[in-house]
Amino acid sequence: MTDAMWAFGRVSGIVALVLLTISVLLGILTRSGRPLPGLPRFSISLIHRNIALLASVFLVFHVGSLMLDSYAKLKVVDILIPFLGAYKPFWQGLGTVAVDLLIAIIITSLFRKRLGARLFKAIHWLTYAMWPIALVHSIGNGTNGLSGWFIAFSVVSAGAVLAAVIWRASSRFIETAHTRGVVR
Amino acid sequence: MATPTNRYQLHIDWTKCDGRGLCTELLPGLLDRDKWGFPVAKTDDVNRRSDVQVPGSLLDAATDAVELCPLIALRLLPPASAS
Amino acid sequence: MTQLLDEGMAVTARTPQGTNRLFVAGERAHYNAHVAAYGALDLSRIGPELIAELDRSGLTGRGGAGFAVARKFGAMPTRRGRMWPASAVVIANGAEGEPRSLKDEALLRNAPHLVIDGLLAAGAAVNAARLYIYTTAASLETVKRAIGERRDAHRIHVVEAPDTFISGEASAVVNAITTGTALPTDRTQRLTTSGLKQRPTLVHNVETLAHVGLIARFGGDWFRGVGSSRDPGTRLVTVSGAVPRDRVLEVAGDTRIIDILAASGAADSHISAVLVGGYHGTWITRDHLGANLSNAGLAAYGGSPGAGILYVLDVNKCGLRFSAEVVRYLANESAQQCGPCMFGLPEMATLLERIASGDRDPAVARELRNLSETVVGRGSCHHPNGTSRFAISTLAAFAADAQAHLQGRCLRVERH
């Protein structure tokens with residue numbers, strides 16, 4: 001049983017990471033205000049949001065199954081406070097940091113109409129910290145963290161996110177930038 | 001503020017709008033887009049460009065637009081609420 | 001029913017006759033001079049009945065929009081029918097953002113007590129809990145001094161307005177008092193319903209309140225004693241441009257523009273056109289200067305008296321060049337909050353500058369018209385609307401100049 005929990009914990013972690021990667025890329029695309037062929041802007045926004053929520057579900061599985069696994073010795077306090085874990089405390093602590101950031105991001109997103117655009121935006125920027133921390137956590141903490149295929153995935157996804165961030169910082173990023181003389 | 005009406009009105013908060021265009025995709029019958037990206041109400045009445053009248057058939061789409069606007073720049077005002 | 005006029009007070013030596021009403025107490029009138037000139041105002045006898053008197057008077061706003069004052073007062077919620085009435089707020093708006101307007105400053109410098117009377121009377125009429133005077137640094141001291149000269153005005157808060165074009169916009173006034181930032185805000189309700197801290201708020205120009213202070217003493221019928229039935233009372237006008245010196249005059253309603261110009265010393269032969277209503281206003285060309293300065297008199301030209309600003313364009317100056325500078329100024333004065341204004345106005349300025357500089361492309365004027373149409377009504381205040389109106393009026397009034405420019409000529413002596 002505990003082997004199954006352990007395996008399920010690992011798989012759900014990897015799935016969550018893949019989904020978060022896609023969500024980050026779609027989030028940057030949505031910020032640009034650009035559609036894709038066949039995908040209008042509102043669709044991209046919805047898919048970005050839904051994939052993030054799906055990632056959260058897998059994170060619940062990831063954390064939950066590892067709590068039920070005797071080898072990981074994950075306790076409730078480990079979800080909130082990092083670096084207290086029994087197994088690989090540092091790398092696990094990074095996971096705690098990432099999941100705490102994500103909880104803040106998800107909650108402010110779900111309640112953004114009530115909390116206001118400014119707070120939503122400020123917390124949402126933490127995504128740029130959350131994602132790399134989640135990636136490093138999975139490399140350091142994961143059983144397959146240093147396996148060939150996982151390294152390959154990490155390199156590809158880090159490359160994609162880095163490219164997206166560079167695009168984000170460029171002057172032609174916003175779809176309507178070329179029509180507007182003023183930087184807004 | 002527009003004069004009272006018996007239709008729902010889509011209120012555009014121009015101080016928040018950044019012309020991202022999601023609303024113009026969801027309400028193509030109601031909104032065009034200017035060259036900078038901002039919504040232009042499809043009406044001859046210039047007094048209804050910030051409080052756009054929404055026919056009943058487009059109410060669901062308008063609700064979606066309000067929900068999905070990235071800058072929370074839209075509100076749906078019930079009929080005859082404009083003072 | 002409170003009597004505003006005692007039998008014996010109906011026509012006294014103090015009741016202003018003629019068109020000199022606002023400055024009867026003289027220059028920089030101290031409170032004593034003010035009381036000697038107009039008599040004291042008994043606030044205890046003023047209540048909601050003042051609104052009916054304002055209605056009789058036909059007084060319209062003197063800050064630019066020209067709404068019927070009684071109607072605005074009437075929009076404030078009454079005490080009856082509300083369990084816990086929200087406390088009302090009245091704000092005297094002396095921001096005077098228009099560069100070509102001097103009347104509010106002149107009024108506050110010379111007759112601040114009339115403005116204070118009007119503010120106090122308005123406050124009594126709507127049972128206000130808070131009273132404010134919002135004015136620029138230039139008038140701050142004189143207002144504070146005036147408040148200090150009397151015993152009934154200490155509850156008035158004086159707030160400084162920045163010297164920007166839009167600082168006098170009604171929602172910007174409320175925003176400035178609340179947060180210190182004098183920028184317009186998005187509104188879904190009128191200020192009279194929900195304004196300063198969600199309270200019913202009445203914002204009136206200082207001149208409007210000065211007239212209220214007089215009507216509270218002498219009544220609505222007295223107010224209608226000068227002017228016309230369609231434009232009763234008096235208004236302050238500021239005349240600048242091709243005149244010996246900039247002047248503030250008090251004129252009766254419906255006065256002809258040409259008579260105001262004559263009183264200001266403008267030489268008939270030197271006038272190309274007059275800009276009526278400030279930088280958001282309309283050009284009246286020399287052939288039409290016989291028009292009356294009133295809503296009705298200017299309706300045919302798409303104009304209105306606004307805040308009584310008249311700028312006289314010298315016949316040797318190019319109206320297109322002047323107007324281009326105005327539109328560029330208006331673009332720079334945008335609050336930079338709303339897209340169509342933020343991006344549209346600078347483009348409009350560039351186009352008009354090209355026309356003024358003699359661009360030979362006929363598409364430029366067409367593009368300016370299209371842009372002007374695009375920005376109207378798409379902002380949280382009327383800045384783009386007014387700028388549009390001015391641009392369109394410019395193209396109409398100086399069509400001959402624009403035509404000449406297209407052909408590489410200029411009709412004016414002063415070249416660019």
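Ile133(C) counts as buried because it has 28 C-beta neighbours inside 10 Å. The cut-offs are these: a residue is buried if 20 or more other C-beta atoms lie within 10 Å of its own, exposed if 12 or fewer, and partly exposed in between, with C-beta atoms placed from the backbone. This is a predicted model, in which local features need pLDDT of at least 70, side-chain atom pairs count only at pLDDT 80 or more, and totals for chains, interfaces and linings use all residues. Residues are numbered from 1 along each chain as its sequence is written, while chains are lettered from A and ligands numbered from 1 in the order in which they are written.

Stay with Ile133(C). It sits in strand β2 (residues 128-136) of chain C. Strands (E, at least two residues) and helices (H or I, at least four) are DSSP runs, numbered from the N terminus. Setting aside neighbours within four places in sequence, Ile133(C) touches Ala92(C), Gly94(C), Leu119(C), Val143(C), Ile156(C) and Val158(C). Such a contact means that two C-beta atoms, placed from the backbone, lie within 7 Å. Val212(C) is 79 residues from Ile133(C) in sequence, and their C-alpha atoms are 15 Å apart in space.

Now step back to the whole of chain C. It has 15 helices and nine strands. Of its 416 residues, 55% count as buried. Its C-alpha trace spans about 70 × 45 × 35 Å along the principal axes. A compact globule of 416 residues would have a radius of gyration near 22 Å, and chain C agrees, with 22 Å. That radius is taken over C-alpha atoms, and the globule rule is 2.2 Å times the number of residues to the power 0.38. Among contacts in chain C with a separation of 6 or more, 70% join residues 24 or more positions apart.

Next comes the core. In soluble globular proteins, nonpolar side chains tend to be buried together. Here a nonpolar core is a set of buried Ala, Val, Leu, Ile, Met, Phe, Trp, Tyr and Cys residues joined through C-beta atoms within 7 Å. The largest has 155 residues, and Val115(C), Leu119(C), Val274(C) and Val312(C) have the most contacts inside it. A second, separate core has 25 residues, including Leu17(A) and Ile44(A).

Which strands build the open sheet of five in chain C? The order is β6-β5-β9-β7-β8, with mixed pairing. Two strands pair if DSSP finds at least two bridges between them. β6 (247-252) and β8 (282-285) of chain C each have a single partner strand, so one side of each has no neighbour in the sheet. Inside the sheet, β7 (residues 271-276) and β9 (residues 309-314) of chain C run antiparallel, joined by five bridges. Val276(C) has Leu310(C) in β9(C) as its bridge partner.

Chain B has an open sheet of three strands. Its order is β4-β1-β5, with antiparallel pairing. The edge strands are β4 (51-54) and β5 (74-77) of chain B. Four bridges link β1 (residues 8-12) of chain B to β4(B). Leu10(B) has Val52(B) in β4(B) as its bridge partner. Helix α2 (residues 59-68) of chain B lies across β1, β4 and β5 of chain B, at about 145 degrees to β5(B). Axes are lines fitted to C-alpha atoms, for helices over the stretch in contact, and angles run from 0 to 180 degrees between N-to-C directions.

Last, the chains meet. How many residues does the contact take from chain B and from chain C? It takes 17 from chain B and 18 from chain C.
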